[in-house]
Amino acid sequence: MCIFVNMESIPTDNARLTAAIRDGSREAFDEMCGRYYAPLMAYARLFLKGNWAQDIVQDVFVNVWIRRETLDPRQSLYGYLLRSVYNQSVNYVNKNRHAGNYRSYHQERIESIGYAYYDPDNNPIIEKIYSQDLRAGIDAAVAALPEKCREVFTLSYLQGFSHREISERLGIAQSTVENHIYLALKALRSKLSKSELLMLLFFIFLCNNSQSFG
């Protein structure tokens with residue numbers, strides 16, 4: 001799973017979706033859950049194992065519905081969800097960090113990188129995830145790649161498949177996989193601004209970490 005959200009699934013009037021949820025639309029709420037479940041799970045797995053991460057994300061969705069009347073359509077809904085997942089994940093870590101297996105699993109990771117690094121209010125890179133304009137530029141560049149090149153790039157960098165697995169999955173040689181990846185990266189470097197390229201690399205980092213610790 002990846003924190004990257006396909007811009008084709010995001011309406012231009014994001015405020016309208018937030019307002020609909022605030023007004024009690026279950027259809028809008030279900031749309032929000034379907035759209036953001038995967039990226040929020042990837043984000044939560046930076047802090048927690050799979051089942052714990054899933055509990056956090058589900059709790060965030062439930063709290064959104066319970067407190068829907070407090071939603072502000074002028075604010076980024078995705079940003080609000082990220083902050084909520086971050087806060088609940090950190091609270092869970094702090095409450096359970098001295099508990100047996102949980103501490104042994106997370107102690108080295110937490111103490112080596114510090115979970116504050118992933119605070120969406122403190123990290124300017126994660127903050128840029130809120131920017132639909134920036135995400136749109138990245139999506140457009142990836143979508144413009146040749147079909148097979150785009151497929152290989154997505155499987156490798158955004159879904160975490162190895163070159164061998166991609167080769168077997170697509171029925172092509174590993175050397176062909178490597179060539180597609182080379183061409184994809186070359187094309188993206190030429191099309192993306194420094195900010196967009198940095199953001200894409202950070203997405204890749206999040207994807208790889210969420211799979212490693214899920």
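Y92 is partly exposed in this predicted model, with a relative accessible area of 26%. Its ring pairs with that of W52: the centres are 6.2 Å apart and the planes stand at 40°, so the pair is tilted. W52 belongs to helix α3 (residues 50-66) and Y92 to helix α4, so the pair ties together parts 40 residues apart in sequence. W52 is likewise partly exposed, at 28% relative accessibility.

**Overall make-up**

- The protein chain contains 11 helices and zero strands.
- Read from the N terminus, the order of elements is α-α-α-α-α-α-α-α-α-α-α.
- The protein chain has 214 residues, of which 44% count as buried.
- Among contacts in the protein chain with a separation of 6 or more, 72% come from residues 24 or more positions apart.

**Aromatic pairs**

- Three aromatic pairs turn up in a search of the whole structure.
- One of them joins Y36 and Y78, whose ring centres lie 5.1 Å apart with planes at 10°; because planes under 30 degrees apart count as stacked, this pair is stacked.
- Y36 sits in helix α2 (residues 26-44) and Y78 in helix α4 (residues 77-96), so that the pair links distant parts of the chain, 42 residues apart.
- Y36 is buried, its relative accessible area being 1%.
- Y78 also counts as buried, at 2% relative accessibility.

**Charges over the ring of W65**

- R26 places its charged end over the ring of W65, 5.0 Å from the ring centre.
- The charged end of R68 also sits over the ring of W65, at 4.1 Å from its centre.

**Helix α9 against helix α10**

- Helix α9 covers residues 163-170 and helix α10 covers residues 174-191; their axes come within 8 Å and cross at roughly 110°.
- The two helices are therefore roughly perpendicular to each other, because angles of 65 to 115 degrees fall in that class.
- On the α9 side the contact involves H163, R164, I166 and S167, and on the α10 side Q174, V177, E178 and I181.
- Sorted by class, the contact of α9 with α10 has three nonpolar, three polar and two charged residues.

**Helix α1 and the residue after the helix**

- Helix α1 spans residues 14-22, and N14, L17, T18, A19 and I21 in this helix are buried.
- An α-helix has 3.6 residues a turn, so residues three or four places apart point the same way.
- G24 follows α1 and has a positive phi, near 95°.

- I138 lies in helix α7, which runs over residues 132-143.
- With a relative accessible area of 0%, I138 is buried, because buried means under 20%.
- I138 and K191 are 53 residues apart in sequence, yet their C-alpha atoms are 8.9 Å apart in space.

Notes:
Residues numbered from 1 in each chain as written. Predicted model: local features only at pLDDT ≥ 70, side-chain atom pairs only at ≥ 80, totals over all residues. Heavy atoms only, no water. Axes fitted to C-alpha atoms, helices over the stretch in contact; angles between N-to-C directions. Helix = DSSP H or I, 4+ residues; strand = E, 2+ residues; numbered from the N terminus. Parallel < 35°, antiparallel > 145°, perpendicular 65-115°, else oblique. Contact = heavy atoms within 4.5 Å. Nonpolar A, V, L, I, M, F, W, Y, C, P; charged D, E, K, R; others polar. Phe/Tyr/Trp six-rings, centres within 6.5 Å; stacked < 30°, edge-to-face > 60°. Buried < 20%, exposed > 50% of the residue type's maximum accessible area, 1.4 Å probe, protein only. Lys NZ or Arg CZ within 6 Å of the ring centre and 35° of its normal.
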